[in-house]
Amino acid sequence: MKLDFTGKVVLVTGAASGLGKATATAFSAAGASVFLVDVQEGVQAVASELGPKAAGHVADLSQLDKCADIVAAAVARFGQLDVLCNVAGVAWMDHVANVTPQRWHKLIDINLGALFFLSQAALPHLLERNGAIVNVASSAGTQGQAYMVPYSASKAGVIGMTKAMAMEFMHKPVRINAVAPAGMKTPMTAGGVVVPPEGAEMDLIVRYHGFREMAEPESIANMILFAASDAAPNLHGSCLGVDQGQLAG
Ligand SMILES: NC(=O)c1ccc[n+]([C@@H]2O[C@H](COP(=O)([O-])OP(=O)(O)OC[C@H]3O[C@@H](n4cnc5c(N)ncnc54)[C@H](O)[C@@H]3O)[C@@H](O)[C@H]2O)c1
C-alpha cells in the first residue's frame with residue numbers, strides 16, 4: 001500500500017529526533033508539506049534536509065499558552081492544516097518519593113497538556129480539511145511501569161484523551177487516534193536519561209523490557225502515516241498498540 005499525502009499539510013512535534021524526525025521524513029517522502037516543531041534548534045536542520053516543502057519551528061511545548069501560536073504559524077506558512085501528529089515527549093525514571101510537583105507538572109504538560117492544546121487550536125483547521133490527529137502514547141499507558149509513574153500516567157492520559165476527543169467529535173469530519181509503541185531505538189532509550197534509579201528493584205523493570213528487539217522508529221512512523229491516511233477511514237478513537245508483542249500476555 002502506497003500512502004500519498006500530496007497536497008496535504010502535516011504538523012509534527014518532536015521532529016528534531018527519534019520518532020518525530022522519522023515521522024516528518026516519512027510524510028515528506030509521501031508528498032506532504034511538513035511543519036516540524038521541537039524545542040531543539042536542530043529541528044531547523046532536519047527541515048532543511050527535507051527541502052522547500054518543509055519548515056522548522058523552535059518552540060517549548062511545556063508553555064501551554066503558546067500552543068495556539070504554533071498551529072497559527074503552521075497555517076500561516078502553508079495555508080491549511082490536514083494532520084496533527086503529537087509525537088514530542090519526555091521520559092525519566094525515579095522513585096515515587098523523589099518526584100516533585102515541578103517535575104510532575106513539566107512532564108505532564110509536555111506529554112499530555114500540549115497534545116490537548118495543540119489539538120484544540122488545530123481542530124477548526126482540521127475540520128475544514130477532513131483531517132486527522134495522531135497522538136503518540138506508549139505501552140506504558142496500559143502497562144504499569146515501576147519508577148515511571150508520571151510517564152505512565154501521562155501516556156494513560158493520552159489514550160483517554162484520544163478516546164474522549166474522538167467521542168466529542170464523533171459527528172464531525174475529523175479522525176482522532178493514538179499509536180502506542182513499546183521500546184524504540186531512539187535517543188530517548190539510548191541516552192542516560194531513562195535509567196533505573198539507585199536502589200531500583202530490577203525484577204520489576206525487566207518485565208517491561210519485552211521479549212523482542214526494540215522497534216526502529218521508521219516502522220512506528222509507518223503506523224502513524226497509516227492512521228492519518230485515507231486508507232484508514234474507519235479508524236477513529238483507537239489506540240494502535242505497535243509494541244512487538246509486549247502486551248500480548
Ligand atoms: N523510545 C521509546 O522507547 C518510546 C516508547 C514508547 C513511546 N515513546 C514516545 O515516542 C515519542 C517520541 O519519543 P522518541 O523515542 O523519539 O524520543 P526522542 O527523545 O528521540 O524525541 C523526543 C523529541 O521531543 C522533543 N521535546 C521534548 N521536550 C519538548 C518540549 N518541551 N517542547 C518541544 N519538543 C520537545 C525532544 O527535543 C525530541 O526531539 C514520545 O512521546 C515518547 O514518549 C517512546
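Where does Q244 lie? Q244 is found in the segment after β7 (239–242); strands here are DSSP runs of E of at least two residues and helices are runs of H or I of at least four, numbered from the N terminus.

1. Basis of the note. This is a predicted model, in which local features need pLDDT of at least 70 and side-chain atom pairs count only at pLDDT 80 or more, while totals for chains, interfaces and linings use all residues. Residues are numbered from 1 along each chain as its sequence is written, and side-chain values use heavy atoms, with hydrogens and water left out.

2. Positive phi values. Q244 has a positive phi of about 40° although it is not a glycine. Q244 counts as partly exposed because its relative accessibility is 24%; buried means under 20% relative accessible area, exposed over 50%, and partly exposed in between (1.4 Å probe, protein chains only). Y147, also a residue other than glycine, has a positive phi near 70°. Y147 sits in the loop between β5 (132–136) and α5, and with a relative accessible area of 11% it is buried. As background, most residues other than glycine have a negative phi.

3. The largest pocket. Its volume is about 1,200 Å³. Of the 47 residues that line the largest pocket, G89, A91, T186, M188 and T189 are the closest to its centre. Two or more lining residues come from each of α1 (18–29), α4, α5 (149–168), α6 (187–190) and α7 (202–206). The lining divides into 28 nonpolar, 15 polar and four charged residues. A pocket is an open set of points, on a 1 Å grid over the protein atoms alone, where a 1.4 Å probe fits, with protein on both sides within 12 Å along at least five of seven lines; lining residues have an atom within 4 Å of a point. Grid points are joined across faces, edges and corners, and the volume is the space filled by probe spheres set on the points. For the classes, Ala, Val, Leu, Ile, Met, Phe, Trp, Tyr, Cys and Pro count as nonpolar, Asp, Glu, Lys and Arg as charged, and the others, Gly among them, as polar.

4. The second largest pocket. This pocket holds about 180 Å³ of space. Its lining has four nonpolar, three polar and five charged residues. Among the lining residues are K8, D82, R129, R175 and D230.

5. The ligand. Of the 30 residues around the ligand, those that come nearest are S17, D38, Y151, A182 and T186; a residue is counted here if one of its heavy atoms lies within 4 Å of the ligand. A polar backbone atom of L61 is 2.9 Å from a nitrogen atom of the ligand. Ligand oxygen atoms lie 2.8 Å from a backbone N or O atom of V87 and 2.9 Å from a polar side-chain atom of K155. A polar contact is a pair of N or O atoms within 3.5 Å.

6. Two residues from the preceding points. T186 is placed in the loop between β6 (175–181) and α6 and counts as buried at 9% relative accessibility. Leaving aside neighbours within four places in sequence, T186 is in contact (heavy atoms within 4.5 Å) with G18, L19 and P217. V87 is in the loop between β4 (83–86) and α4 and is buried, with a relative accessible area of 9%. With the same exclusion of neighbours within four places, V87 is in contact with V12, T13, L19, G20 and V136. V87 and V179 are 92 residues apart in sequence and 9.6 Å apart in space, C-alpha to C-alpha.

7. A serine within a helix. Is S119 buried or exposed? S119 is buried because its relative accessible area is 0%. This residue lies in helix α4 (residues 101–128). A polar atom of the S119 side chain lies 2.6 Å from the backbone oxygen of L115. Beyond its neighbours within four places in sequence, S119 is in contact with L84, N86, I133 and M165.

8. A buried loop residue. A32 lies in the loop between α1 and β2 (33–38) and has a relative accessible area of 1%, which means that it is buried. Not counting residues up to four places away in sequence, A32 touches F5, T6, K8, V10, F27 and K53. The C-alpha atoms of A32 and S138 are separated by 26 Å, the two residues being 106 residues apart along the chain.

Methods: Polar contact = N/O pair within 3.5 Å; in protein donor to acceptor, adjacent residues only side chain to side chain.
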